[in-house]
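Me: I would like to go through a few local features of a model. Please take them one at a time.

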Amino acid sequence: MLLRSTRSLRMLQMLSSLGQHNWTVATASKSYATIGEKRNALVLTKQILQQQYSTTTPSSNQKPNVAVAAAAAPNTSRHSMESVMGRLDSFYQWNGFIGNEQLQPVLEQMKTGGKQLSHEQGLFLLNICGCEMPSLTSSERMTNFQEVWQYLQDADMITRDHYHIMLNVLQYNQHPLSDYKTLLQEYEKLEGSAKEIYSDLLAIAGATGNVKQTTELLAEMRSLQLALSERDFNSLLLANARAKDMTGFETVKDSMHAAGLSLSLNTQSTLFVVFMENGDKDKALSILQDHAGQFEPEQVLSMLRSVNESPIGSKELVKQLVKELKPEYVKCVEVPLALRRVCVEFLHNKKLDYAMTVIDELPTPKFQENQSIDTFGVFLLHALFRANCELEKIIEVAVRLEETNKNARALYIAAEIGLRRSPPMALPIFEELQKRGHSLRTHYFWPLMMYNFRRHNESGILRTLKIMQDFKVECDHDTISQYVLPRLSITLTNPQMALKQLEEVGIKTSLVMTPIVSHMLTQNKWFEVVPLIEAYPTKIQFSDLIAPLVSVAIHVRATKRYHQFAKLINALANKNIERQQDAVGRFLLELLNTQARVRSDLNSVQRLLNELNKCGVKISSTAASSIGSLLNQSTTLEANSNAMQNIGQLLKEMTKRSLSLHNSSSGDEDSMTSSFIKHPRDMTLDELECHLVELEAKQMNARGVLRRLLQLCVRENRLERALEIKHKCDQLQVQTSPGMMASIFDMYTKLKDLPNAQKYLKAIQETYPGFQIDEHKFVDYASLLVSCGELDAAKGLLEERSLKHRIVGGDYLLKNVWNLLTNVAHYAAGKTDLPSERNLTRETYAFLQKLGYCRTHNAILGPIVRERLLRGDLPGALKEFKQLATQFKHTPLQFELLSLIVRLCNSGEEERLKYNCTAEDAQKFLSEITEIITKIHGTVNMNSGLLLAFAESGSDNQLRRLLLTPEFRVNEDLLLRNCEHLGKEGSVKTLLRLARGARGLNRVIDEQNIYNMLLNNFTKSNDYQAALSLYDRLEADDDMKISQDFLRNLVNLLKANNVEIPSNVALRARIV
């Protein structure tokens, strides 16, 4: 065994004597920097700060606006103490730390000798200078701290609270305190007890590795009979470890055991720090493994900082430590504040990979509705730019944030930061955005345009436009009118040359012609406009030129150059993109409405109108009458009556009735036609599709159109398109309304996607509990549940709705209820253990009728019979049919039953075995069902159905014999309606057999009418292939003569679809 040093033995003796006292483990005062979100009441009185700087405190969902602080006090300058402190506080609250950029304005304001800091502000500044500036080194933090301390000392503002902050700062930065006795004397002068701070002094000595000072402090604590707490022992452990005195380190541990102290998590975290600093990775990992999942966040943060300063740190170790953080601590939409500071420390210690490991190991944030989704990890992007890191590194970090789904807009945020700091830095980020399929918009280049203009004047604007062309980003009207043309004053002295230069950098003449003309009019160069617009075939937007033309007209009145001005107006009207709109009339009305002097000068008005008339300029009748009324109202002298008569005659000659005038009170772009643009809620599906294409081409907001389009596509059963739009909405993060969510729910129901339908139904019920989903969507969802084998769940769902809401039911639910009952019939047919006497469909029908979802209807009763047929129980089906006919006077599934029984009468043994039926049974069933139908509907109506049944399932001879029987009479109207229904259902074979059977009989059925009926159905559905197939069938019949009406309609259908007309059709239709 190694002999212990004399100093270690003395320390052991001292510790033993101190440990004999009755002591309690005091709660260690935690540094404001260490804990992060928790605030020490002595350090910062937050409520007072918030009251004093409430205008600068950002809300949870709003980023801080540093400009607001200056506006809070109107009588102070932007650089007053209130404003700079407000901006500092806003930045701190948002980021959890500050940098020199934020602190320096405050330090400069302190030097000016302006308004003093308050007590709370002094505490706040001391703490952030010493503990909340992770981008600085310890010595730099202490320099700032000492500057603020000196200011407070000179202002005689130091209190005991300030000393507590100082002790925490010294410990955090491991800054030695050589003369602690002087500090004790100063503290006692403030009516403080030295006993209060001995533990803090011992912590500072331990943090700096000053074993000698710890020995002196222990001696004084023993003389004062102060008991040692666990925190004090941890300070002694640190002191010996950092002094590389591992013998003394073991002595302290032995003393803790002797005093009956177990090694708590605080001590274990201290031991972890010691082992990391001394390069003993195995022991550090052992502590981590032995106490996994037990450490508190502040302990984990302390351990992470030790990894930053240790030579044996690794990403794997960082990963393990982040996993130690409690789920409630890390499950948030942003990186916790204290953890941000650790990441920034990693960055400035050239360990960016450690910081990214922390970010990667945090859980993916889950955002609530209306919550900003682009905040996670943004602090690190800002820190990278402040640290002047390479752009490649910044892009790499942003890409990782996107790829790990932490921040889907990280690259955009990086580009925005780059544009704010130095716009050229954003260009590599733009390249990465384009490479990854993100879209770039025109306004992203505005900061770069201003940057280049300040440095290179007009060539900088053209250079930026060239860059935009390289990125394949087209300029829009706002960019041209607000950023480009106002800064090309020299270039625009020669408009044609300017157009050429703009074309070279990718600006289309059609886009820039109207803004250039407007610029020339504003610059009073209107006499150069006519040669310019006549040199190009480009159209212009006259409505955008009305305001500058009014200004020119005032100048023309003074110079009397009416003829040249009239030529300008005529040239602009001829080049107007909207020829049927009365743009000249609008200009004249604007001139007379806004310029009282022009309106009162009838001679000038007459001369202007006379020149316009000579040039052939026309206005609408509405404009002419409005101009006459305006002038009459402003004219009172009889001497002006002649001028008014002349003006009236001129207006009459200038009137063109085909022009239309549309007044607009706003000066917005394209205001003349805005009243004629339909609102998306009034558009058809095709109009919405076209409008969406237009908005996307212009890179405008299409969210409202996408919502409406999704709802209409679901309503029209264009489900594939609806699914595409839904994915597009997800990509654009379109906010979902309850109606939109109900449409998505309906879409997944129709697509038979039960998991997603359940997901959206639950989301609607949880997010919008008061929203009532349409009944038909609920019934369709219940039908989907039944098709998935969940009949009880479907019935429970429908019953629950009936208890919460009044059920309307009615005919509009007819098809939906029929589909539900049909699914129940198929479900029942698949259940082998179902007793033969039970009919699940009848039970479900009674259940739905009781709740009010349906009423008795022939179509609704059909699935009750169908269940028996699906189970192969034909006698049972006939029994159900007879019972329903007797009870409700309806004959559900009449055509299908008749067709089936006729087929069984004619078919072989194999099909009869399926229904356990002989030929004699089939004949008996046919007799029974016809008797039932006759009782309900009469013989004539029954014959109509029987005729179609034989056309469907009987032989040609049987059908022919029926039609040849004189006593066989049918209901002609009913037969025709049934034939039309079969045609819509696509029963072409049945109708063709009926037509052939009736050939030459000249009875009710006209063969040609049936063919024309089928062709009309194909025409309505635009199914030219089915129409050609029908023609081929008819042409194959040698005895059939196709009518010219049929051929003509067929040819028209083919032409409408741009289909080449077959030669045999053309020959018969006599088409050359």
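Me: At roughly what angle do the axes of helix 20 and helix 22 cross?

Reply: Note that this is a predicted model. The axes of helix 20 (residues 337–348) and helix 22 (residues 378–386) cross at roughly 30 degrees and come within 10 Å. Angles under 35 degrees count as roughly parallel, so helix 20 is roughly parallel to helix 22. The crossing of helix 20 past helix 22 is right-handed.

Me: Which residues of helix 20 and helix 22 meet?

Reply: An α-helix has 3.6 residues a turn, so residues three or four places apart point the same way. Here Arg340, Cys343, Val344 and Leu347 are the helix 20 side of the contact, and Phe379, Ala383 and Leu384 are the helix 22 side.

Me: Which residues in helix 31 are buried, and what do the buried residues pack against?

Reply: Helix 31 covers residues 546–559, and its 20 Å reach from first C-alpha to last is close to the 20 Å expected. Ile546, Pro548, Leu549, Val550, Val552, Ala553 and Val556 are buried. The buried residues of helix 31 pack against helix 29 (509–522), helix 32 (562–574) and helix 33 (583–594). Just after helix 31, Lys560 has a positive phi of about 60 degrees.

Me: Is Ser620 buried or exposed?

Reply: Buried means under 20% relative accessible area; Ser620 has 0% relative accessibility, so it counts as buried. Ser620 sits in the loop between helix 35 (602–614) and helix 36 (621–634).

Me: What does the side chain of Ser620 reach?

Reply: The side chain of Ser620 reaches the backbone nitrogen of Ala623 at 3.2 Å. Leaving out residues up to four places away in sequence, Ser620 touches Asp582, Thr655, Lys656, Leu659, Ser660 and Leu661.

Notes:
Residues numbered from 1 in each chain as written. Predicted model: local features only at pLDDT ≥ 70, side-chain atom pairs only at ≥ 80, totals over all residues. Heavy atoms only, no water. Helix = DSSP H or I, 4+ residues; strand = E, 2+ residues; numbered from the N terminus. Expected span 1.5 Å × (residues − 1). Buried < 20%, exposed > 50% of the residue type's maximum accessible area, 1.4 Å probe, protein only. Contact = heavy atoms within 4.5 Å. Polar contact = N/O pair within 3.5 Å; in protein donor to acceptor, adjacent residues only side chain to side chain. Axes fitted to C-alpha atoms, helices over the stretch in contact; angles between N-to-C directions. Parallel < 35°, antiparallel > 145°, perpendicular 65-115°, else oblique. Left-handed = near helix turned anticlockwise from the far one by under 90°.
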